[in-house]
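Okay, everyone, thanks for coming.

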Amino acid sequence: PAAPQTLAFLELMEQARLSGRYEEMLAVLVVAEWIYLEWATPFNPPKPDLPFYFAEWITLHAGDGFESVVEYLRSQLDAAWTDLDEAEKQNVEAVFAKTVALERAFFDASYVAG
């Protein structure tokens, strides 16, 4: 079964999707993908003795190709931001902050689980 942290993140993604608001969806994606880029980059290329699934995870989330995806998502969020009113900006900030908190909870739980 999925961990509570995973379920909470899935719920947030579903809320963003159901909102129909591009900027809310971007707020979730930017955090998630940017975190993985930052996490994987120092380990790329992966060490040859890593299990296949770890090496693939690193390779998928590092390098110029993935970096350009994250930059595109960030630029889309920046562009959408300029057209938002103050209440919409506050909402996007709340979604962004909640996504950061949920990602942190996920990683904290992963480290505790060992």
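Before we start, one term: a residue is called buried when its relative accessible area is under 20%, and exposed when that area is over 50%. Also, keep in mind that this is a predicted model.

Is L77 buried or exposed? Its relative accessibility is 11%, which is under the 20% cut-off, so L77 counts as buried.

What is L77 in contact with, if we skip its neighbours within four places in sequence? The answer is E23, L26, A27, V30, V92 and F96.

Now on to how the helices pack. Take α2 and α5: their axes come within 9 Å and cross at roughly 35 degrees. The crossing is right-handed. On the α2 side, the contact is made by E23, E24, A27, V28, V30, V31, A32, I35 and Y36. From α5 you get N91, V92, V95, F96, T99, V100, E103, F106 and F107. Sort that contact by class, and there are 13 nonpolar, two polar and three charged residues.

α2 has another partner, α1, which is residues 4-19. Here the axes come within 7 Å, and the crossing angle is roughly 145 degrees. Who meets whom in this pair? α1 brings F9, L12, M13, A16, R17 and S19, while α2 brings E24, M25, V28 and A32. That contact has seven nonpolar residues, one polar and two charged.

The largest pocket holds about 300 Å³ of space. Which elements give two or more residues to its lining? They are α2 (22-40), α3 (52-60) and α5 (86-113). The largest share is from α5, with four residues.

If you want to click through the lining, go to Y36, W39, F43, L50, F54, W57, I58, F106, F107, S110 and Y111. By class, that's ten nonpolar residues, one polar and no charged ones.

Terms used:
Residues are numbered from 1 along each chain as its sequence is written. This is a predicted model: local features need pLDDT of at least 70, side-chain atom pairs count only at pLDDT 80 or more; totals for chains, interfaces and linings use all residues. Side-chain values use heavy atoms; hydrogens and water are left out. On a 1 Å grid over the protein atoms alone, a cavity is a set of points where a 1.4 Å probe fits but cannot get out, and a pocket is an open set with protein on both sides within 12 Å along at least five of seven lines; lining residues have an atom within 4 Å of a point. Grid points are joined across faces, edges and corners, and a volume is the space filled by probe spheres set on the points. Ala, Val, Leu, Ile, Met, Phe, Trp, Tyr, Cys and Pro count as nonpolar, Asp, Glu, Lys and Arg as charged, and the others, Gly among them, as polar. Buried means under 20% relative accessible area, exposed over 50%, partly exposed in between (1.4 Å probe, protein chains only). Contact means heavy atoms within 4.5 Å. Axes are lines fitted to C-alpha atoms, for helices over the stretch in contact, and angles run from 0 to 180 degrees between N-to-C directions. A crossing is left-handed if the near helix is turned anticlockwise from the far one by less than a right angle, and right-handed if clockwise.
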